[in-house]
Amino acid sequence: MSALTVRQVRRRYLTLYGLRWLPTGLMIPVMILLMQERGLSLPQIGLVGTAQGLLVLALELPTGGLADALGRRPVLLAAGVLNLASLALFAVADSFWLFFVVWALQGVYRALDSGPLESWYVDATLAADPEAEYERGLGYAGTVIGGAIGGGALLSGGLIALGPIGPVSALTVPVLAAIVAQAAALVALVVLLVEERPATGFAALRSSVVQAPRMIGQAVGLLRRSRVLLALVAVELFWGFGMVTFESLLPVRLAEVIGDPERAAALLGPANSAAWLASAAGAALTPLLLRWFGAAPGAALLRILQGVTVVGMGLFAGPVGVLVAYLACYAVHGASNPLHSGLLHRQVDGPYRTSVLSLNSMMAQPAGALGGVVLTALAAATSISTAMVVGAVVLAVAAPLYLPAWLAGRRAVPAVEPTAVPVPAADR
C-alpha cells in the first residue's frame with residue numbers, strides 16, 4: 001500500500017466507491033415494482049427481504065473479522081462475484097422462492113461488502129503518510145455516492161421509458177444494465193485495489209479464519225466498554241427499520257398517487273437521481289452543521305427532521321408533494337450520515353476498524369428486515385400512508401441516542417469554536 005501516494009489512494013477509493021454504488025442506483029427504481037410485476041404481493045416482498053437481513057445478522061461480524069485478518073481485497077472480490085450472481089438471478093426470477101434466494105445472496109454480499117473498502121482507504125492512506133488527513137476523502141465519498149446512485153437512477157428511468165426490448169419487459173432492462181455495471185466494478189477492483197498481505201493461498205485463508213473470532217471479540221469488547229459506541233450502534237436499529245419507508249414504500253406510494261405503476265417507475269428514475277443529488281448537497285452542508293450545532297446535536301436534530309419528511313411522503317396528496325418530501329428526506333439523509341459516521345470513527349482505531357464498522361452495519365440489516373415485514377403488512381392491512389407515518393416515528397425516536405456522544409464530547413473538549421472534524425460518508 002505504501003507504494004501509492006495519498007492522492008492516488010483517494011482517487012482509487014472514490015473510483016471504486018462510485019462503481020460499487022452504480023448498480024444500486026440502477027436497481028432502486030425497479031426492485032419493488034418488478035417483484036410486483038412478477039406476481040409478489042407487498043407482504044411477500046417484505047418476507048423475501050428478511051433473507052437479506054437475517055444473513056447479514058449472522059455473517060456481518062464474521063466477515064468483518066475475516067476482512068481484518070485475511071485482507072480487504074479478497075473479501076471485496078468475493079462480495080462482487082456474489083452481487084453479480086444475485087443480479088443475474090433477479091433478472092429471471094419469477095417466484096417467491098427464487099426472489100428469496102436473490103435476497104439471500106444479497107445478504108451474503110452485503111455482509112462481505114460492509115466496511116472493507118472504507119477500511120482499506122483509511123489504512124492505505126496512513127501507510128502512504130502517517131500524518132495524512134484521510135477525512136477529506138471520506139467526505140468526498142458522500143458526493144460520489146450521490147452522483148453514482150443518482151446517475152444510475154436517472155439511467156434506469158431512461159431505460160424504462162424506452163419500453164420493452166423484445167421479450168424483456170421495461171422494468172427488467174435496468175437489471176441487465178446493473179449486471180454490466182457490476183461486472184465493470186469487479187474488473188476495476190482487480191486493477192485498482194492494491195493491498196500488501198503477509199501471506200496468500202490456502203494457508204493464509206485458514207490462518208485468517210482462525211484469527212477472525214479474535215478480531216470479532218476485540219470489536220465486541222470495544223462495544224461493551226464504550227457507552228458512546230453502544231448508543232451510536234443502537235441508532236442503526238431505528239434507522240434500519242425506518243428506511244423501509246423511503247426505500248421500499250415510496251415507489252408504491254408514488255404509484256398509488258399517480259395511478260399507473262409504469263409511469264411511476266419511469267418517474268422514479270429522475271426522482272431518485274435528484275434525491276441522491278440532494279443527498280450529496282446535504283453532505284456538503286455537514287461542515288456548517290458542525291459549526292452551528294456540533295456533531296452529536298446536529299445528528300440528533302437531523303434524525304427528527306428525517307422523520308418529518310417521511311410523514312410528508314405519507315400524507316401529501318399529490319405526486320408533487322410526495323416527491324418534494326422525498327427530496328427533502330434525502331437531503332437530510334445526506335447530511336446526517338457523515339455526522340453519524342464521523343462520531344463512529346472517532347470511537348475506534350487500530351486493526352479492528354472493519355469489525356466495528358460491521359457491528360454498526362449489522363444492526364441496520366435485521367432491523368430493516370423487521371421493518372420490511374411489519375411495515376408492508378401494516379400497509380396491506382391499513383394503508384401505505386399509515387405505514388409510512390409509523391416508520392417516520394421510529395426514525396425520529398432514535399435522536400436521544402446521540403446524547404452520550406454529546407456528553408462525552410463536552411467532557412473531552414473545551415467550549416471553544418469547533419475546528420475541523422471528520423465527515424466521512426456513510427456505507428449504506
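Reader: With axes taken as lines fitted to C-alpha atoms, for helices over the stretch in contact, and angles running from 0 to 180 degrees between N-to-C directions, at what angle do helix α4 and helix α6 pack?

Author: In this predicted model, local features need pLDDT of at least 70 and side-chain atom pairs count only at pLDDT 80 or more, while totals for chains, interfaces and linings use all residues. Residues are numbered from 1 along each chain as its sequence is written, and side-chain values use heavy atoms, without hydrogens and water. Helix α4 (residues 72-92) and helix α6 (residues 116-128) pack at about 155°, with axes 9 Å apart. Helices are DSSP runs of H or I, at least four residues.

Reader: How are α4 and α6 oriented to each other?

Author: They are roughly antiparallel (an angle over 145 degrees).

Reader: Which residues make the contact?

Author: Arg-72, Val-75 and Leu-76 of α4 meet Pro-116, Leu-117, Ser-119, Trp-120 and Asp-123 of α6, with contact meaning heavy atoms within 4.5 Å. Five of these residues are nonpolar, one is polar and two are charged.

Reader: Turning to Val-244, is it buried or exposed?

Author: Val-244 is buried, with 6% relative accessibility; the limit is under 20%. The residue lies in helix α11 (residues 244-258).

Reader: What does Val-244 touch?

Author: Leaving out residues up to four places away in sequence, Val-244 touches Leu-249, Gly-368, Gly-371, Gly-372 and Leu-375. The C-alpha atoms of Val-244 and Gly-46 are 9.6 Å apart, across 198 residues of chain.

Reader: And how much of residues 140-163 is helix?

Author: That span is 92% helix and 0% strand, and its end C-alpha atoms are 35 Å apart. The unreviewed UniProt entry lists residues 140-163 among its transmembrane regions.

Conventions:
Helices (H or I, at least four residues) and strands (E, at least two) are DSSP runs, numbered from the N terminus. Angles under 35 degrees count as roughly parallel, over 145 as roughly antiparallel, 65 to 115 as roughly perpendicular and the rest as oblique. Ala, Val, Leu, Ile, Met, Phe, Trp, Tyr, Cys and Pro count as nonpolar, Asp, Glu, Lys and Arg as charged, and the others, Gly among them, as polar. UniProt positions are given in the numbering used here, feature names are shortened, and annotations may be inferred rather than shown by experiment. Buried means under 20% relative accessible area, exposed over 50%, partly exposed in between (1.4 Å probe, protein chains only).
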